[in-house]
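Here is a short briefing on one protein model.

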Amino acid sequence: MWFKNLTVYRFNKPFSVDTEALEKSLEDFTFSPCSSQDISKFGFSKALGKLGHTLVHSAENRHLICATKEEKILPSQVVKEALEEKVAQIEDEENRKLAKKEKDTLKEEITTTLLPRAFSRRSQIHALILPEIEMILVDSSSATKAEELLALLRKALGSLPVIPMSFKTPIETQMTEWLKSNSTPAPFEMQDEAELKSDSDEGGIVRFKQQDLTEDEVLAHLEVGKQVHKLALHFGQSIAFVLQSDAGIKRLKFSEEFRAHNDEVGTEDPLARLDADFALMGSELIALMNSLVEVLGGLEDSL
């Protein structure tokens with residue numbers, strides 16, 4: 001339930017699809033396991049996992065969705081060795097060299113033969129659709145995987161007018177000023193981790209971890225022109241995270257004290273606890289995003 005990374009997108013137009021319509025749209029793209037000849041399959045699955053009953057879990061016009069991907073693990077070296085063996089056999093029997101097109105055909109045949117015996121692995125990716133702040137938060141550190149989920153959602157809905165989140169002022173400029181002045185705007189507090197990078201192609205990258213960022217050793221890098229591209233922050237008493245210059249939010253961690261707010265719900269009804277945690281997480285992520293937009297000087301105007 002608790003998101004661990006955020007790749008954030010903004011809506012260009014208000015998202016007006018209600019829960020029922022969203023559920024119906026996703027149904028045609030429900031996940032199904034790989035057949036013997038499938039290399040991979042990707043589709044929507046129950047938002048709350050085994051305890052859930054629907055592809056969309058909604059509360060207060062906030063929508064949680066989940067996509068599952070299954071991939072066959074067929075090592076390229078295995079295919080390569082089988083192909084080399086087959087090519088050598090045919091060339092020896094026919095006393096000639098095989099053309100590239102023939103080898104490609106053989107490779108496809110070998111892959112088809114090996115696929116039914118290949119192991120498979122599954123992964124899931126969640127996204128939170130937040131119409132009230134016109135954003136989609138994808139729980140992934142990979143922009144490629146986030147885009148894959150959005151492409152599937154776009155296919156299901158027919159259109160999905162979103163763009164990656166970006167700000168009027170470069171994030172690295174803001175974070176560098178915070179570090180120089182040792183002053184992070186409330187409700188954020190700077191922690192003990194940062195990555196500084198030179199803008200020049202020949203410049204280096206320096207990383208600090210578990211270190212007082214106000215020390216001269218750190219500030220000296222700012223004096224020679226490096227800028228802060230990653231900075232560990234704490235949002236109030238609830239969330240620790242690393243903010244990146246590309247607007248990615250990594251290593252998101254909700255504090256134990258914050259997560260304990262729903263302890264009174266107990267564990268006798270796991271679905272009720274999941275629902276309560278979803279509501280709690282959604283509200284705090286909205287607060288986090290609103291605060292970030294404010295302290296970073298506002299979002300870049302949509303194109």
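**Pocket and fold at a glance**

Strand S4 gives the largest share of the lining of the largest pocket, with four residues. The model is predicted. The protein has eight helices and 12 strands.

**Largest pocket**

- The space in the largest pocket is about 260 Å³.
- The lining includes Ala 67, Thr 68, Lys 69 and Glu 71.
- Ser 123, Gln 124 and Ile 125 are also among the lining residues.
- Phe 42, Asp 139, Ser 140, Lys 145 and Glu 148 line the pocket as well.
- By class, five lining residues are charged, four are polar and three are nonpolar.

**The S3–S4 hairpin**

- S4 also takes part in a hairpin with S3, with two residues between the strands.
- Strand S3 covers residues 56–59 and pairs with S4 in the antiparallel sense.
- Four bridges join S3 and S4.
- Ala 59 faces Arg 62 of S4 across the pairing.
- In the turn, Glu 60 has a positive phi of about 55 degrees.

**The five-stranded sheet**

- Five strands form an open sheet in the order S9-S8-S10-S11-S12.
- The pairing in this sheet is antiparallel.
- Strand S9 (205–209) and strand S12 (249–254) are the edge strands; each has a single partner strand, so one side of each has no neighbour in the sheet.
- From one strand to the next, the twist averages 20 degrees.
- Strand S11 (residues 239–244) runs antiparallel to S12, and four bridges join the two.
- Ile 239 has Phe 254 in S12 as its bridge partner.

**Helices on the sheet**

- Helix H5 (residues 171–181) packs on the sheet.
- H5 touches strand S8 (188–197), strand S10 (227–235) and S11.
- The direction of H5 makes about 70 degrees with that of S10.
- Helix H8 (residues 270–295) packs on the sheet too.
- H8 touches S8, S10, S11 and S12.
- The direction of H8 makes about 135 degrees with that of S12.

**Overall dimensions**

- The radius of gyration of the protein is 24 Å, whereas a compact globule of 303 residues would have one near 19 Å.
- The C-alpha trace spans about 75 × 55 × 40 Å along its principal axes.

Notes. Residues numbered from 1 in each chain as written. Predicted model: local features only at pLDDT ≥ 70, side-chain atom pairs only at ≥ 80, totals over all residues. Heavy atoms only, no water. 1 Å grid on protein atoms, 1.4 Å probe; cavity = no way out; pocket = protein on both sides within 12 Å on 5 of 7 lines; lining within 4 Å. Points joined across faces, edges and corners; volume = space filled by probe spheres on them. Nonpolar A, V, L, I, M, F, W, Y, C, P; charged D, E, K, R; others polar. Pairing = 2+ DSSP bridges. Axes fitted to C-alpha atoms, helices over the stretch in contact; angles between N-to-C directions. Contact = heavy atoms within 4.5 Å. Rg over C-alpha atoms; globule rule 2.2 N^0.38 Å.
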